[in-house]
Every structure is written in structure tokens, then in C-alpha cells.
Amino acid sequence: LQLARTAEDRWRECKCLTWLAVIHLERGDAETSLACCEELRPLAARMGESGELPFVRALEALSHMTLHHPNATCDFASAVEQLRAFDSKAHLAYVLNAAAEIAFEGKNFAEAYGAAQSALVAAAEARRVCEEVTSRALLARVLTARGDPAGARGWLDPIQDRVVHREDLSARARSAWLRAAQSLELSVPTKDQTLS
Amino acid sequence: MEDTMPRIIVERSFDQPFTQDDFDAVSQRVGGCLDLYGVRWIRSHVSADRRRMVCEYEAPDAQSVRDVQNAAQASFERVWAAEVIEPA
């Protein structure tokens, strides 16, 4: 961030602040994530066609959802529409997975399932394996919570190889998958094992 | 889902006609960012007065192409996903 500011490279400044907002949100610090978004908003707005603003709006709404602010869901829906309009599928998959996670934690299973399904479509279109693994893990966790372990396995089985063999899978995706596997009381496979 | 990569169009315009050196410099910067964002440059169309350019890419989404342009500091007006229509 400091380097980008020194170089007066607004786009990279925007990117670095966005990553900070994401990191804080993933670590459960919605307040600090919101502070990053506040800094980001005018910067992203000035970048116009760069497509950064809808993602910032979605991150902001996710923080507000975590903090149970009123209107957060409406703001999130509007940001999602903007992401679709900008054809920003990778961002779309990320924020929909995040929304699914929040809904799941709040035991809003139908909402979580719908958001994870939409995230899965966007992830597949954007060829984002990490987001696809995350979506499938969330779908499996919802079905497990609803007492449908066979259905849950149906979401996990097709990605098992990818989870075991891909070295570049994000910690977030791997952890989502592990939680789903654990909720089904499956042994966690290594490269030399498969799920029993 | 269809497995072909979407086509993405970038529209650019310039106050001054751009030179071949300008084009080579931007191409080199853009080229260095393509793999990082999973984008492939297909072709570019340049107006005779060299003040306008339309570039065609293959990419998973339009945002990946915007990111390439921004990372390479290549100016643009609009980026949009296109449906390709060709003579039957």
C-alpha cells in the first residue's frame, strides 16, 4: 500500500486497500474492514470504469451483514447486481460465498444454499477453483445440517481429488472443505488416501 | 455450461494519434499481465487516423480484462463481454 501511494499508482492503492478489507473481513474484524472500505470508496469511485466500486460496495455490505446492520441485505443485493452488470464473475463468486457463510452461521440455511449455488455458477464460469471448492463445501454443510448426508457427499465427492492434489488451493477453500468433511465425520484424506 | 472462453472487447480512444512505439510499449506491458489474469489477446483493430482502437480478448470475465488494462496502465473507455456473430 505504501509503495503504491509513493508511486501515486491509484489502481494499485485501490487493490491493496481491497485486499486489506478482505483480509480483515475473513479474520472476522468487520469494523476494520469497514474502515478500509471507507477509505476505498472515493478512490474506487474516481476509477470509474475500473470496476472496483461494486466489489467495495459488496464488501461493505458483507461487513454490515456481519454486524447485523439494517439494510445490509438490500445493499448487498444491489452490489451483486452491479457486479453482474460489470461482468465481474470472480468477485461475484467470492462475495456470494461470503454471504452464504454468514447466512449459514446465522442458521438461515435456505438463504445460505441459494447464495452458495449462485456462487458455484459464477465460480465455474470464472474458472475459479478455490471459489468452486468453497461453494461446494458450503452446499454440503447446509445439507448436512438439514440431515441429508448423502446429498452433502454429492457436493463434496467431485472435488475431492482437486482438494487433495492441488497445492495452490487457498487456505480459505481448504478450510471450508475440511469443515464440510468434518461435519460429515469423514476422514481427511492426504495425497495417498481417498475418502473412505 | 458451454466451455468456450468468453470474448471481451476493450474500446480505447486517444487525443493524439498513437505511434507504433506507443503501441509496442503498451503491448509489452499488457503482454506481461495476461497470464496472471488468465486472459488471451486475440486481435486489435486500429482506426486509420490512429485515434481509436478496439481490442478483442478471451477471458473468464470482463473484470479480468479490466484488471490487465489497469495493471499495465493501458487507458480504455469501456470493457464489455461480447457475443461473436459471424457469417453463416
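**Burial and salt bridges in a predicted model**

Trainee: As what does A:Ile23 count at 42% relative accessibility?

Mentor: Buried means under 20% relative accessible area, exposed over 50%, and partly exposed in between (1.4 Å probe, protein chains only). Because its relative accessibility is 42%, A:Ile23 counts as partly exposed.

Trainee: What kind of model is this?

Mentor: Residues are numbered from 1 along each chain as its sequence is written, chains are lettered from A and ligands numbered from 1 in the order in which they are written, and side-chain values use heavy atoms, with hydrogens and water left out. Local features need pLDDT of at least 70, side-chain atom pairs count only at pLDDT 80 or more, and totals for chains, interfaces and linings use all residues, since this is a predicted model.

Trainee: In which helix does A:Ile23 lie?

Mentor: Helices are DSSP runs (H or I, at least four residues), numbered from the N terminus. The run that holds A:Ile23 covers residues 10-26 of chain A and is helix H2.

Trainee: How many salt bridges does a search of the whole structure find?

Mentor: A salt bridge is a side-chain nitrogen of Lys or Arg within 4 Å of a carboxyl oxygen of Asp or Glu. Side chains of opposite charge can pair when their charged atoms come close. Over all chains, the number of salt bridges found is 21.

Trainee: How many residues apart in sequence are the parts that A:Glu39 and A:Arg5 tie together?

Mentor: These two residues form a salt bridge, with their closest N and O atoms 2.7 Å apart. A:Glu39 lies in helix H3 (residues 30-46) and A:Arg5 in helix H1 (residues 2-6), so the pair ties together parts of chain A whose separation in sequence is 34 residues.

Trainee: In the salt bridge of A:Glu105 and A:Arg141, as what does A:Arg141 count?

Mentor: The side chains meet at 3.9 Å, N to O. The pair links distant parts of the chain, with A:Glu105 in helix H6 (residues 89-105) and A:Arg141 in helix H8, 36 residues apart. A:Glu105, at 48% relative accessibility, counts as partly exposed. A:Arg141 has a relative accessibility of 11% and therefore counts as buried.

Terms used
Helix = DSSP H or I, 4+ residues; strand = E, 2+ residues; numbered from the N terminus.
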